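This report describes the fold of a protein and then turns to its charged contacts. The chain and its coordinates are shown here for reference.

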Amino acid sequence: MESYVLDTSVFTNPDIYTTFEEDQLGAIENFLHLAMHSGANFYMPTSVYEEMLKMVDLGPLAPEFEMVVKIRSPRKHSIMIPSEILYELIDEIRHRINKGLRIAEEHTKEAGRVTENDVGRLINRLREKYREALRQGIIDSKEDVDVILLAYEIDGTVVTGDEGLRKWADKVGIKIVDAKNFRGILESLIKHKTSAE
């Protein structure tokens, strides 16, 4: 039986949740219906669930969500991951910090040549480039780490729209699926389960 570890983006990213339904709560309700009939297991780390609840009020769907999706943290103290992954992460962080510094230097030089009216535009551009250099394509939160660790622990498949989470799950050898295909995957599971019965 397949196990899926869900990231917040499945229910908060409009590009993803609208594959289930246009309305966010309707999308969650449709996911729950499909999930219950799929025969698969669904997990979400506690930290990710708490993060999601800050963005989505599940209201009366909360009990059903917690019945269908097992909310649990990874066993952080007993999970062994290859040290090579830690070295890769440190190298990646160092590379990104240096890239961020170069971006800051470029914008500092440019700041001496702009008028006072253009300062706001320059700051916004600096923030955008800096955020892209430091955060895009990397795991950048404890929630991301919890998703990877839980999927690694249970040999589950990560479902996320987060590019960094997908990249690092793949580096660790965790199965991943494109969250935009998740509804189709659930429907296929139901179809195969029904035909096998």
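A salt bridge is taken here as a side-chain nitrogen of Lys or Arg within 4 Å of a carboxyl oxygen of Asp or Glu. By this rule the count comes to five salt bridges, and Arg72, Arg75 and Glu153 are linked in a network of such pairs. The model in which they are found is a predicted one.

**Overall composition**

The protein has ten helices and five strands, and of its 197 residues 38% count as buried. Its accessible surface comes to about 11,400 Å², of which 50% belongs to carbon and sulfur atoms. Among the contacts with a separation of 6 or more, residues 24 or more positions apart account for 70%.

**The sheet and the helix packed on it**

The five strands form an open sheet with parallel pairing, in the order β3-β2-β1-β4-β5. Strands β3 (69-71) and β5 (175-178) stand at the edges and have a single partner strand each, so one side of each is left without a neighbour in the sheet. From one strand to the next, the twist averages 30°.

Helix α8 (residues 142-154) packs on this sheet and touches β1 (3-6), β2 (41-44) and β4, with a direction that makes about 170° with that of β1. Strand β4 (residues 157-160) pairs with β5 in the parallel sense over four bridges, while three bridges join β4 to β1, again with the two strands running parallel.

Asp155 lies in the loop between α8 and β4. Its phi is near 55°, a positive value in a residue other than glycine, and Asp155 is exposed, with a relative accessible area of 56%.

Side chains of opposite charge can pair when their charged atoms come close.

| Lys175 and Glu2 | 3.6 Å | 173 residues |

Lys175 forms a salt bridge with Glu2. Lys175 lies in strand β5 and Glu2 in the segment before β1, so the pair ties together parts that are 173 residues apart in sequence. Lys175 is partly exposed, with a relative accessible area of 38%, and Glu2 is partly exposed as well, at 28%.

Glu153 is partly exposed, with a relative accessible area of 25%.

Lys76 counts as partly exposed at 48% relative accessibility, whereas Asp146 counts as buried at 5%. Leaving aside its neighbours within four places in sequence, Asp146 is in contact with Pro45, Ser47, Pro74 and Lys76.

Ile93, Ile97 and Leu101 make a nonpolar surface patch of about 250 Å². Of these, Ile93 lies in helix α6 (residues 83-111) and is partly exposed, with a relative accessible area of 34%.

Thr18 has its place in the loop between α2 (14-17) and α3 (24-38) and is partly exposed, with a relative accessible area of 28%. Thr18 and Lys180 are 162 residues apart in sequence, yet their C-alpha atoms are 9.0 Å apart in space.

Key:
Residues are numbered from 1 along each chain as its sequence is written. This is a predicted model: local features need pLDDT of at least 70, side-chain atom pairs count only at pLDDT 80 or more; totals for chains, interfaces and linings use all residues. Side-chain values use heavy atoms; hydrogens and water are left out. Two strands pair if DSSP finds at least two bridges between them. Axes are lines fitted to C-alpha atoms, for helices over the stretch in contact, and angles run from 0 to 180 degrees between N-to-C directions. Contact means heavy atoms within 4.5 Å. Buried means under 20% relative accessible area, exposed over 50%, partly exposed in between (1.4 Å probe, protein chains only). Patches are made of residues with over 30% relative accessible area and no salt bridge: like charges are joined within 9 Å, nonpolar side chains (Val, Leu, Ile, Met, Phe, Trp, Tyr) within 5 Å. Accessible areas come from the Shrake-Rupley method with a 1.4 Å probe; for residues, only the protein chains shown count as cover.
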